[in-house]
Amino acid sequence: MEIRPIEEKDFAALVALFQEFAHFEKTPEKMVNSVGRMEAEKELLTGFVAENDEQQIVAYVTYFFTYHTWSGKCIYMEDLYVTQSYRKKGLGGQLLNKVKEIGIKEGCHKLRWQVSNWNTNAQEFYKSIGAEIDDVEWNCDLKLD
C-alpha cells in the first residue's frame, strides 16, 4: 500500500468512495459532494489516500484544523474510510496515525472525530488505541445552500 496526500487527480475516485461511505453509514441521500465542488473548494481538502498495487484508491482520511474553546488548537478527522476488502489489515490505523502525526507536528492538543453509535467495530478499534468515546453530544447540521 502506498499512502500519500490527496491530489486533484483523485477527486473522481474519492467521490465514488464518499458515496460508498454514505451507503455504509446508511445515509446515501446526504452525500451531495461532486468533483466540480471539490475542484472549486480544493484548498480546504486535506488528507491522505491509500492505493493498492493497481493504483486504485482503497481508503482515505480527511482532516482539518480547528480551535476548541475548552482545549485550544485541535485537528479534526472528518472521515476515515477503508473499503470492505481492505478492512482489518491495519490500513485504518496507518491513516489515523498520519493525521495524528500532523496534529503533533502542528502543536495540536487533541485529535477529535465522530463514530456512529451502531459501528461497534470502529468503536472497539478506537478504544484499543486509547480514544475516549462519549455519548454527550449529537450532530447538528444547518444547511446553508
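Predicted model: local features only at pLDDT ≥ 70, side-chain atom pairs only at ≥ 80, totals over all residues.
View 1. Residues are numbered from 1 along each chain as its sequence is written, and side-chain values use heavy atoms, with hydrogens and water left out. Together with Asp134, Asp135 and Glu137, Glu132 forms a negative surface patch; patches are made of residues with over 30% relative accessible area and no salt bridge, like charges being joined within 9 Å and nonpolar side chains (Val, Leu, Ile, Met, Phe, Trp, Tyr) within 5 Å. The place of a charge is taken as CG of Asp or CD of Glu, and Asp and Glu count as negative. Glu132 counts as exposed because its relative accessibility is 80% (buried means under 20% relative accessible area, exposed over 50%, partly exposed in between, with a 1.4 Å probe and protein chains only); accessible areas come from the Shrake-Rupley method.

**View 2. Two cysteines without a disulfide, Cys74 and Cys108.** A search of the whole structure finds zero disulfides, a disulfide being a pair of cysteine sulfur atoms within 2.5 Å. Cys74 is in no disulfide, and its nearest cysteine sulfur, that of Cys108, is 6.7 Å away. Cys108 is likewise in no disulfide, with the sulfur of Cys74 as the nearest one. Cys74 is buried, at a relative accessible area of 0%, and Cys108 is buried as well, at 16%.

View 3. The structure holds seven salt bridges, each a side-chain nitrogen of Lys or Arg within 4 Å of a carboxyl oxygen of Asp or Glu. Arg4, which is buried at 8% relative accessibility, pairs with Glu7 at a closest N and O distance of 3.9 Å, and with Asp10 at 2.6 Å. Asp10 is buried at 3%, whereas Glu7 is partly exposed at 35%.

**View 4. The salt bridge between Lys42 and Glu8.** The closest N and O atoms of Lys42 and Glu8 are 3.0 Å apart in this salt bridge. The pair links distant parts of the chain, 34 residues apart, with Lys42 in the loop between α2 (35-40) and β2 (46-51) and Glu8 in the loop between β1 (2-5) and α1 (11-24). Lys42 is partly exposed at 41% relative accessibility, and Glu8 is partly exposed at 39%.

Methods: Areas by Shrake-Rupley, 256 points an atom, 1.4 Å probe, with all protein chains shown as cover. Helix = DSSP H or I, 4+ residues; strand = E, 2+ residues; numbered from the N terminus.
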